[in-house]
Amino acid sequence: MDYRKKIVYQSNYWYNDGLRKAQIRDMSGAIVSLRRSLQFNRENIAARNLLGLVYYGIGEVPEALVEWIISKNFRAHDNIADYYINKVQASAKELETINLAIKKYNQCLAYCRQNGEDLAVIQLKQVVASHPSFLKAHQLLALLYLHTGQYTRARQMIRQARKLDTGNEITMKYMHELTHQRGKQRRKASKKKEDAVEYSLGNETIIQPKHSRIREMASHLAVANIFIGAAIGAAIIWFLVAPAVNQSTSDRLNDQMRDYSDQIQSLEAQVSAQTRTLDNYRASGEALEADTTQAQTARDSYENLMAVVEQYDSGEYSDATMADTLLGVSRDALGESGQARYDELAAEIFPNACESNFSDGEDALEAGNYQAAIDALYKVVRMDAGYNDGEALFDLAQAYMNNGDNENAITYFQRVVDEYGDSDYAGEAQTNLDTLSAAAQTDEAAG
């Protein structure tokens, strides 16, 4: 027992340490501390939820969702992870934007490996604009600016990265490199000043290169004169052979245009591949949503089934009340044992509930309370579609027709005709069906 207390204490200690670091936006330090907390106690819900928030704060949304889902598995109820997950899933457009930003970031890494820094910079600007909290994108853009000598822009990116995570080691390395490069620039500027001599003439200050520098410049001018003469000769030759040169230039331009056309086709193929990837992502999202809906249906069905069992065992509830709860159960969502229990309860409850609801529905239909009739008779049809040899279906169709809902009325009159054609209600159902169908066609023609 003392050993377990010590483990829990250590887990809480590292959680508090991670919380302190997260409050000052030392996200990297917070991640390390919170992971240590979870090593001691993986069921530390507070630590896991905070770790998800830290990941979310630096733009790592997939990692954040993983932590929150694990947290929810450990504690299904009274868990704030539910709120975080629903908040992210509620904005499908934002989630798609984040996903696209991550894909662009991965594409930028490929560009960098292929020496395509310019393309990577253009793409990364779009990434940080659409997903401002994506720390890795800021860091990669800062690195590219450092690599290309754009130190002012690099400093801006590093500052933004530090705002997202004050203690990130990679950001610190880039900051050190920026300081080193700017120091080299200042030393070069200082050396240029040392190569000149300053003196005053009246009220003016004259800056003149040193004598050694003058001699060097003189030698450079001599060389420049040689090049100027060569350039004049080259110009004469150019005018003499201009027609041939123009033809060669035209051929070269045609070759370049063909190369550009091939590149455009390649880019179009990449766009097509990315579009297919996005379609697959949407399809997987729809499949995930369907799985989630199915899981929710199964959970609700089991909860309703257990509620009916408790109601039935207590003996304090009417069959109609228990039937209402049992109608909230999807039999197909249950397992084999659940379906067996459902069938037992349905056999005990539904017959009396059908009789009660059918009587209420007929009374409401005769009284002209068509919505109440629909509510009662719809329950009967769900419990036993063939109740009284199709009479419940026929009465429900009449209630819909009298309530002005011709679409549902046609549906249920058609069922009477198709499923109970030998019943006493089939003939009248067909007559009503023909009348409603003709009215619908008239409305379409008028429209």
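**Figure 1. Overview of the chain in a predicted model.** Among contacts in the chain (heavy atoms within 4.5 Å) between residues at least 6 apart in sequence, 52% link residues that are at least 24 apart. This is a predicted model, in which local features need pLDDT of at least 70 and side-chain atom pairs count only at pLDDT 80 or more, while totals for chains, interfaces and linings use all residues. Residues are numbered from 1 along each chain as its sequence is written, and side-chain values use heavy atoms, with hydrogens and water left out. The chain holds 18 helices and two strands, where helices (H or I, at least four residues) and strands (E, at least two) are DSSP runs numbered from the N terminus. Of the 447 residues in the chain, 31% are buried; buried means under 20% relative accessible area, exposed means over 50%, and partly exposed lies in between, with a 1.4 Å probe and protein chains only. The chain exposes about 28,400 Å², of which carbon and sulfur atoms supply 52%; accessible areas come from the Shrake-Rupley method with a 1.4 Å probe, and for residues only the protein chains shown count as cover.

**Figure 2. The largest nonpolar core, with 42 residues.** A nonpolar core is a set of buried Ala, Val, Leu, Ile, Met, Phe, Trp, Tyr and Cys residues joined through side-chain atoms within 4.5 Å. Leu-326, Tyr-342, Phe-350 and Phe-413 are the members that touch the most others in this core. At least two residues of this core come from each of helix 12 (242–314), helix 13 (319–326), helix 14 (336–366), helix 15 (370–383), helix 16 (391–402), helix 17 (406–419) and helix 18 (426–446), and helix 14 gives the most, with 10 residues. A second, separate core of 25 residues has Leu-34, Ala-64, Ile-98 and Leu-164 among its members. In soluble globular proteins, nonpolar side chains tend to be buried together.

**Figure 3. Surroundings of Phe-413 and Asn-432.** Not counting residues up to four places away in sequence, Phe-413 touches Phe-394, Ala-397, Gln-398, Met-401, Ala-429, Asn-432, Leu-433 and Leu-436. Asn-432 lies in helix 18 and is buried, with a relative accessible area of 15%. With residues up to four places away in sequence again left out, Asn-432 touches Phe-394, Met-401 and Phe-413.

**Figure 4. Packing of helix 14 against helix 15.** The axes of helix 14 and helix 15 come within 8 Å and cross at roughly 155°; such axes are lines fitted to C-alpha atoms, for helices over the stretch in contact, and angles run from 0 to 180 degrees between N-to-C directions. Helix 14 and helix 15 are therefore roughly antiparallel to each other, given that angles under 35 degrees count as roughly parallel, over 145 as roughly antiparallel, 65 to 115 as roughly perpendicular and the rest as oblique. Their crossing is left-handed, a term for a near helix turned anticlockwise from the far one by less than a right angle, with right-handed used if it is clockwise. The residues in contact include Phe-350, Ala-353 and Cys-354 of helix 14 and Tyr-370, Ala-372 and Ala-373 of helix 15.

**Figure 5. Packing of helix 2 against helix 3.** Helix 2 (residues 27–40) and helix 3 (residues 45–57) have axes that come within 10 Å and cross at roughly 155°, which makes helix 2 roughly antiparallel to helix 3. Helix 2 passes helix 3 in a left-handed crossing. Among the residues that make the contact are Met-27, Ala-30, Ile-31 and Leu-34 of helix 2, together with Leu-50, Leu-51, Val-54 and Tyr-55 of helix 3.

**Figure 6. Tyr-84 in helix 5 (residues 81–90).** Tyr-84 is buried, with a relative accessible area of 16%, and, leaving aside its neighbours within four places in sequence, Tyr-84 is in contact with Asn-49, Leu-53 and Trp-68. Tyr-84 and Leu-65 are 19 residues apart in sequence and, from C-alpha to C-alpha, 8.3 Å apart in space.

**Figure 7. Asn-388 and Asp-389 in the loop between helix 15 and helix 16.** Phi is near 55° for Asn-388, a positive value in a residue other than glycine, and phi of Asp-389 is likewise near 55°. Most residues other than glycine have a negative phi. Asn-388 is partly exposed, with a relative accessible area of 38%, and Asp-389, at 45% relative accessibility, also counts as partly exposed.
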